[in-house]
Amino acid sequence: MKTHHLWSFLVLIFLCPPAMAQEAPLSSASQACLACHTGLHPGIVHGWEQSRHSRVTPQQGQQVDGLASRVSARDIPEDLASVAVGCAECHTARADAHADSFAHNGFQVHSLVSPDDCALCHSTERKEYRQNIMSQARGNLMNNPVYMDLAQQIHGQPRFADGKLDFTLAQRTTEEESCFFCHGSRVQVQGTETRSTDMGPMDFPVLTGWPNQGVGRQNPDNSLGSCTACHSRHTFSLAEARKPSACKECHVGPDVPAYKVYTTSKHGNIAAAQSQNWDFQALPWTVGQDFTAPTCAACHISLTVSPNGSLIAQRTHRMNDRLPWRIFGLIYAHPHPREADTSIIRNRDDMPLPTDFANNPAREYLISKKTQAKRQETMQGICSQCHAQSWTDGHFQRLENTIQTSNQAVHTATQIMQTIWDQDLAQGLGDGHSPFDEHIEKTWSRIWLINANKIRFTSAMAGGGDYGVFAQGRYELSNNLAHMQDWLNQQTKKTD
């Protein structure tokens with residue numbers, strides 16, 4: 001080890017405060033990493049020091065049985081099992097599989113740690129996440145020409161020429177901080193470059209699509225997803241993932257207003273008042289003891305038990321396991337897709353949409369009513385820990401009604417829009433044009449993309465009432481419907 005590396009390592013060992021002392025042995029490789037990066041990247045190292053990875057070996061994790069278990073893999077590589085999960089254990093794992101691996105101080109290192117790397121210890125979670133619609137989020141957008149058309153009309157480069165406004169394809173960097181910020185970018189290696197560092201000149205890979213923590217990111221090892229979307233590096237905190245703010249990054253609206261609705265709901269009000277006293281680290285998570293109102297994770301992901309230890313809901317990283325309906329309108333709310341890859345869906349008009357414009361579902365691609373009932377039963381089991389059966393039944397009956405009435409409102413808007421297209425007052429898919437680029441089409445898409453979604457999320461999450469009415473909910477939906485009808489009447493008079 002070079003002299004300055006050894007000195008940095010000695011400083012790490014002898015000058016760190018007692019609270020930072022390691023409880024698990026460090027591999028020599030991770031010791032070498034820390035010798036430099038403690039000084040170069042203290043924020044990263046401090047975050048890792050606060051993590052369970054720094055204090056518990058995978059072998060120790062395997063010895064935990066039952067519901068408190070965090071390590072699902074049984075066959076962990078021998079060189080990894082008996083040491084703390086440090087820098088090298090993640091950033092040199094499976095080096096041959098990573099196109100972004102590069103020679104660095106005697107190691108083959110890769111910057112991106114992928115879900116397939118995490119699977120060395122968390123195999124069940126990786127398998128579930130692969131089947132989760134989030135892991136396919138990039139492809140579900142990129143491989144669907146209808147969705148990409150909508151995206152282009154939102155973040156494309158505006159251009160006015162020959163008296164017409166249009167939107168050209170967005171720059172890649174614009175896409176990556178727009179729709180693909182959450183859906184996930186494609187990270188690729190584009191050669192190498194030499195940089196000046198405190199340790200002298202070093203070669204590094206040039207990465208496009210980076211940085212990105214999108215849930216469907218395509219990684220240089222060709223895996224899909226990003227664990228850091230919820231468990232930020234380098235603490236990889238269970239507590240962080242259980243708090244609603246973790247979901248806020250992508251679910252704040254107005255198209256998916258889950259966080260906004262939650263913060264104005266009774267559940268969100270309780271969390272705001274009491275969550276400082278909750279135990280977000282406990283595993284399993286005990287209802288009424290560790291927390292007293294649900295968070296996003298409590299309903300959709302977390303392993304929860306009753307105070308007597310009875311299992312309420314098993315942990316899952318396949319987020320749709322408790323979701324009977326996909327209430328995000330495309331353009332209607334519909335039963336959840338069977339497969340995570342939704343780009344394979346074709347409706348009766350051979351469009352890659354889960355319903356046609358008349359709300360006829362593409363049933364062979366969507367879950368059955370039996371599966372919907374099973375998923376709803378699982379979700380209701382969570383609700384019943386704090387609510388009587390009459391409350392739970394009433395809530396879900398109301399949600400079902402909201403889905404039907406909001407779909408009917410969207411159908412009415414689509415009938416008006418179809419009339420406009422049929423009368424050649426606007427140019428849509430039937431003419432080989434975008435159905436999203438003209439002003440009246442944007443009004444139509446706002447009805448299902450913003451207004452109906454606000455209404456459904458408000459109903460589904462039992463709160464945020466004004467989001468279902470005046471805050472871009474029913475009031476604006478009815479106003480937009482009236483605007484579409486008035487526009488049609490005016491245009492029809494012009495042609496008479």
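1. Where is the place of Pro-254? Pro-254 lies in the loop between α14 (244-248) and α15 (258-264). Helices here are DSSP runs of H or I with at least four residues, strands are runs of E with at least two, and both are numbered from the N terminus. A cis peptide bond joins Gly-253 and Pro-254, with omega about 10°.

2. This is a predicted model, where local features need pLDDT of at least 70, side-chain atom pairs count only at pLDDT 80 or more, and totals for chains, interfaces and linings use all residues. Residues are numbered from 1 along each chain as its sequence is written, and side-chain values use heavy atoms, leaving out hydrogens and water.

3. Check the confidence next. The protein chain averages a pLDDT (the predictor's confidence in each residue, from 0 to 100) of 93. At least 70 is the score of 96% of the residues. Over residues 1-21, however, pLDDT is below 50.

4. There is a cis peptide bond between Arg-233 and His-234 too, with omega about 5°. His-234 sits in the loop between β6 (200-208) and α13 (238-242). Most peptide bonds are trans.

5. Look at Arg-94, in the loop between α6 (87-91) and β1 (102-104). Its phi is positive, near 50°. Most residues other than glycine have a negative phi. Arg-94 counts as partly exposed because its relative accessibility is 29%. Buried means under 20% relative accessible area, exposed over 50%, and partly exposed in between (1.4 Å probe, protein chains only).

6. Ala-462 also has a positive phi, near 55°. Ala-462 belongs to the loop between α20 (439-460) and α21 (474-495).

Technical notes:
Contact means heavy atoms within 4.5 Å.
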